[in-house]
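Student: I am new to this structure and would like to learn how to read its side-chain contacts. Please take one kind of feature at a time.

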Amino acid sequence: PVRDSAMELLSQESWRGQEQAALLLGGLDHEPAADRLLELLQSERPEVMIASAWALRVQAIPELLPQMFAHARRQSEIRQTTAIPGLDEQVAHLFEAFALMHYAPADELLRSYVPKIMVNGNYSRGAAVWALGHLHAGLPDEELAAQLVERMNDTAGIPSELQIIFRMSATTLGRMQAASQLTALRERLDRTYPYDPVAYSIRWAIHEITGEEFPELGPIVIPRSGWFLEPVPRVDADSP
């Protein structure tokens, strides 16, 4: 009954019903909903666009990959000239699906998201870099590895986007076993605050490539002052 009711909502025109039904049917792995979910990738509501892409990623039906890829490619072309709410998140979910189902034909499209000059959001660019790591796991690609090191050293851009690109670039270098970039990873680590999430990603990458174990950092100590009641500074007994 739950699946039947959700399928009925998915077929109707209420965007709220479509969104919630997509999330439910995706979570239940109800594959008969897949064709309708593909249609809803074209929805004008960002909530529905994102939920339908997420559901398709969770269902992971290989036969649907060509259609999902065609949609991701169209969206990637559209975003060059038009800002569409929800497109960034939707494409990110589709890229994750390509990675998890090892869809090799997506490689070229994913690579187009690596250069700094492309206009993209942080979710889709991060997902593209992460997905490339899965497609090339254990198979170093020197050209791609060099690009990812460039991305790890970018200084201009939106901070939130840079952070995810830094982290996913390091993760993909580790997953690819890019031993040729170990020096670059260590240099970047030396310039990074040890507790920065980027540093964690770099240490993970180095461990994946070399097996090197890093000592635990321990808790962060954050000094604070300016309280209404504080200890009086201790005075040296020999001072006047």
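Tutor: We start with charged pairs: the structure holds eleven salt bridges. A salt bridge is a side-chain nitrogen of Lys or Arg within 4 Å of a carboxyl oxygen of Asp or Glu. This is a predicted model, in which local features need pLDDT of at least 70 and side-chain atom pairs count only at pLDDT 80 or more, while totals for chains, interfaces and linings use all residues. Residues are numbered from 1 along each chain as its sequence is written, and side-chain values use heavy atoms, with hydrogens and water left out.

Student: Which residue forms a salt bridge with Asp107?

Tutor: Arg111 does, and the closest N and O atoms are 2.7 Å apart. Helices (H or I, at least four residues) and strands (E, at least two) are DSSP runs, numbered from the N terminus. Asp107 and Arg111 are four residues apart in helix 7 (residues 107–111), so about one helical turn separates them.

Student: Is Asp107 buried or exposed?

Tutor: Buried means under 20% relative accessible area, exposed means over 50%, and partly exposed lies in between (1.4 Å probe, protein chains only). Asp107 has a relative accessible area of 17%, so Asp107 is buried. Arg111 is at 21% and therefore counts as partly exposed.

Student: Which residue is the salt-bridge partner of Arg125?

Tutor: Arg125 pairs with Glu161, with 3.0 Å between the closest N and O atoms. This pair links distant parts of the chain, as Arg125 is in helix 8 (residues 122–135) and Glu161 is in helix 10 (residues 159–176), 36 residues apart. Arg125 is buried at 5% relative accessibility, and Glu161 is buried at 11%.

Student: Now the rings. How many aromatic pairs does the structure hold?

Tutor: Rings of Phe, Tyr and Trp (its six-membered ring) pair if their centres lie within 6.5 Å; planes under 30 degrees apart count as stacked, over 60 as edge-to-face and the rest as tilted. The structure holds six aromatic pairs. One of them is Phe69 with Phe98, which is edge-to-face, at 5.9 Å centre to centre and 65° between the planes. Phe69 lies in helix 5 (residues 65–78) and Phe98 in helix 6 (residues 87–100), so the pair ties together parts that are 29 residues apart in sequence.

Student: Are Phe69 and Phe98 buried or exposed?

Tutor: Phe69 counts as buried at 10% relative accessibility, and Phe98 counts as buried at 0%. Phe98 also forms a tilted pair with Phe95, at 6.1 Å centre to centre and 45° between the planes. Phe95 and Phe98 both lie in helix 6, three residues apart, about one turn of the helix. Phe95 is buried too, at 0% relative accessibility. Phe69, Phe95, Phe98, Tyr103 and Tyr113 form one aromatic cluster.

Student: Which residue lies over the face of Trp15?

Tutor: A charge sits over a ring if NZ of Lys or CZ of Arg is within 6 Å of the ring centre and within 35 degrees of the ring normal. Arg45 lies over the face of Trp15, at 3.9 Å from the ring centre. Arg188 lies over the face of Phe166, at 4.6 Å from the ring centre.
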